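Please read it alongside the sequence and the coordinates.

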Amino acid sequence: MELSELWFVLIGVLFVGFVFLEGFDFGVGMATKFLAKNDMEKRILINTIGPFWDANEVWLLTAGGAMFAAFPHWYATLFSGYYLAFVLLLLALIARGVAFEFRGKHNTANWVKTWDWSIFLGSLLPPFLLGVLFTGLIKGLPIGADMEMNASFFGDLVNVYTVIGGIVFLMLVYLHGLMFISLKTDGDLRERANRAAQKMYLATGIGVVVFVLATAFYTDAFTNRGAILIPLYGVAVVLYLFLYSLLKNKKEGLSFTMTGLILILVTVSFFVVLFPNVMISSIDPSYSISLYDAASGAYSLKVMTIVAGIFVPIVLAYTVWSYYIFRKRVTNNKEHLEY
Amino acid sequence: MSELILARIQFASTTIFHFFFVPLSIGLAFLVALMETLYVVKKQEIYKEMSKFWGKFFLINFAVGVVTGIIQEFQFGMNWSDYSRFVGDVFGPPLAIEALLAFFMESTFIGLWIFGWNRLPKKIHLLSIWLVSFGTAISALWILAANSFMQNPVGYTIQNGRAEMNNFLDILTNEKLLVAYPHTIFASLTTAAFLVGGISAWNLLKKRHIEFFKRSAVISLIIGLVSSLGVAFSGHTQAQYLVSEQPMKMAAAEALWEDSGDPASWTVIAGIDTENKDNTFQLDIPYALSFLSYGKFSGDVKGMNTIQEEYEQLYGEGDYIPPVKTTFWSFRIMVAAGGLMILLSFIGLVLHWRQKLPTSTRFLKWMIPAIFLPYIANTSGWIMSEIGRQPWVVNGLMLTSSGVSPSVSSGQILFSLIAFSLIYTLLAIAMVFLFVKVIKKGPYASETGDATVTDPFSTGRVG
């Protein structure tokens, strides 16, 4: 495998890590609006992700940085082409990021309400936008011979398929978040999270089916990559069916793993469809940017491979350790509430 | 307005706004870690309370620093796509490595620090804040490594129509990085020292928690003096570096149009006439520029007109003179603010030595507005460094005007500029509001009970 191919895989891994980890904390952020009945429950929900959300977000930043370093043309075309989507993403992440820190530091109703909305919208918009973005990527975008993308807002960026992608991604993330809540809380909240997940179960399943059908209809994914995609989605279906009995039997750890795996499979499917391109041109297939066209030189990739080889295991080790330290359920006990 | 101007305004505002928070994060993380170390070593509760109290400022500030940093990382691709294509091979790796080495460390251990007071053994908890502090410092190293490449490109060859890295070690030992890094770290420490010093002074004036704020003030004055002297000395090495590697920036910072002659005198103030490329008046100190440039009292410094001619030979027709007035005045504002900081921390320590610090009303009153001195110095230093580099985005390799995204319209940039400016303003207001609130509450907020009355679940702990 060439180093550029390895880095394509690594960026995929970074996005997978991001959707699995920040996926649940986005889901928890959404649940603060739908699941929590009072301020105390909101605080419990926020505290379940308190020690983690910041580091989870770093997966996205690292993916962005790695794109810049390993595939400058991918980074340049994608970020400038999706300009408005990234502006909205940034606004959402900014509002959300400070909200966790600011919310608990002052206690008037308006103050708390403002940051509650920031957490909710800041958790809702990013997964939706990323869903839109990824589905747009595999559908193809107006990339010219100069590698520039000049996309129209309606049609290229926002269309039936990408909106379906955004909504389905959102539903998966929410389900994943509910599973995390039932894993990390106790009592009534834990029960309600599980019940809400059971309600969401069917809707999410339908959503994923619609998404797969839409993918077959709007993209060449199955023609080009059917051999990998069909087994991949097949596994997702099996996991999804298995999830039902896990939910019924309140196997929280396994349910959480299942929703995470389904999210991962959907994310992996985007990268499978893209490969070996990083940007698919809807104007002319010869304008598509392959990972080889987009990649940095061999020297840069080698340097980064060595750095990643040394430090990724260290990062993973202390990340796992921090989850171990905060493994206990967050309950209505003032000892645990920080936000 | 053109895309270029708007993209530049957006870059400048984002960078300057982000750089309000970064130095304080770096400096405060260190101070808080130092205070917690005193607690673990001396086993006195007051140091624990100190690290918690000052830790609140750190956390509020850090949150804003992080979110504005995300814009910083993404806007290279969003607004400067041609720049990103041209230098991504060299400029991207430091950013990616920063995320991997620094961001993960900071964000994971900050979580452990906030939520770990009662869950982690004391020493592990202390280690957490030191790792956060280390993370912030590492982060600065990689960002400055990337920025230094823009100031002084090294370790690359031009291949496939772009700059490609050929020596990673060169990038890490870039002379510009070696002079800029200590300067930035010392400046960060002064920023935290003067914030802690100023807030402590206010409380001492109000005679609140005298022991707590006296000790805080002394720590901050010691760090303040050491670091402000460090800023001055490392700044001097930067100036010497500029003369040899970025002579145009140095000449602009001195409003030096013609060659200085030997020995060179330093211009304190000048009336700059950029139209006629001349100064209407100037106040000079003889020999001083020679000393500033070479560390001795002789030596000639090249003027902008000479360098302009040299650059035209090298790079072809064009205007290679940066905005002179901005470069000149931002340099002077930085130096003046730095000098005041040395003076104030020196006076403060003398007062402490004579045991007069808590009662020196006049000095304490000075220390409150002095909170802004490091901000003024940091901002003007950053402006001088980046404006003085113009018209280059990568010195000698790529003009700023060639780096802008071709596919992004001015309307899109304008939208983002307004949206970001609005959110910056709101964040700044919220942050100042929270700072004032924390100051008014004081340390021991949980013990006086004001935090628990309205909220039965608050533990009054940091976070």
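1. For chain B the accessible surface is about 17,800 Å², with 65% belonging to carbon and sulfur atoms. Accessible areas come from the Shrake-Rupley method with a 1.4 Å probe, and for residues only the protein chains shown count as cover.

2. On the basis of the note: this is a predicted model, in which local features need pLDDT of at least 70 and side-chain atom pairs count only at pLDDT 80 or more, while totals for chains, interfaces and linings use all residues. Residues are numbered from 1 along each chain as its sequence is written, chains are lettered from A and ligands numbered from 1 in the order in which they are written, and side-chain values use heavy atoms, with hydrogens and water left out.

3. Chain A contains twelve helices and two strands, in the order α-α-α-α-α-α-α-α-α-α-β-β-α-α along the sequence. Helices (H or I, at least four residues) and strands (E, at least two) are DSSP runs, numbered from the N terminus. The radius of gyration of chain A is 20 Å, in agreement with the value near 20 Å for a compact globule of 339 residues. This radius is taken over C-alpha atoms, and the globule rule is 2.2 Å times the number of residues to the power 0.38. The C-alpha trace of chain A spans about 60 × 40 × 40 Å along its principal axes.

4. Chain B has 17 helices and six strands. Its radius of gyration is 24 Å, close to the 23 Å from the globule rule for 463 residues, so chain B is as compact as a globular protein of that length. Its C-alpha atoms fill a box of roughly 70 × 50 × 40 Å along the principal axes.

5. Buried residues (under 20% relative accessible area; exposed is over 50%, partly exposed in between; 1.4 Å probe, protein chains only) make up 64% of the 339 residues in chain A and 60% of the 463 in chain B.

6. For "transmembrane region", an unreviewed UniProt entry lists several spans of chain A, including 119–138 and 158–181. UniProt positions are given in the numbering used here, feature names are shortened, and annotations may be inferred rather than shown by experiment. In the model, residues 119–138 of chain A are 100% helix and 0% strand, with end C-alpha atoms 30 Å apart. Residues 158–181 of chain A are 92% helix and 0% strand, and the end C-alpha atoms lie 32 Å apart.

7. Most residues other than glycine have a negative phi, and most peptide bonds are trans. The bond from Phe275(A) to Pro276(A) is cis, with omega near 0 degrees, and Pro276(A) is in the loop between α10 and β1 (277–279) of chain A. The bond from Gln390(B) to Pro391(B) is also cis, with omega near 5 degrees; Pro391(B) is in the loop between α13 (372–387) and β5 (392–394) of chain B.

8. His209(B), in the loop between α6 (175–205) and α7 (210–245) of chain B, has phi near 40 degrees; at 30% relative accessibility, His209(B) counts as partly exposed. Lys277(B) has a positive phi of about 50 degrees and is placed in the loop between β3 (266–273) and β4 (278–285) of chain B.
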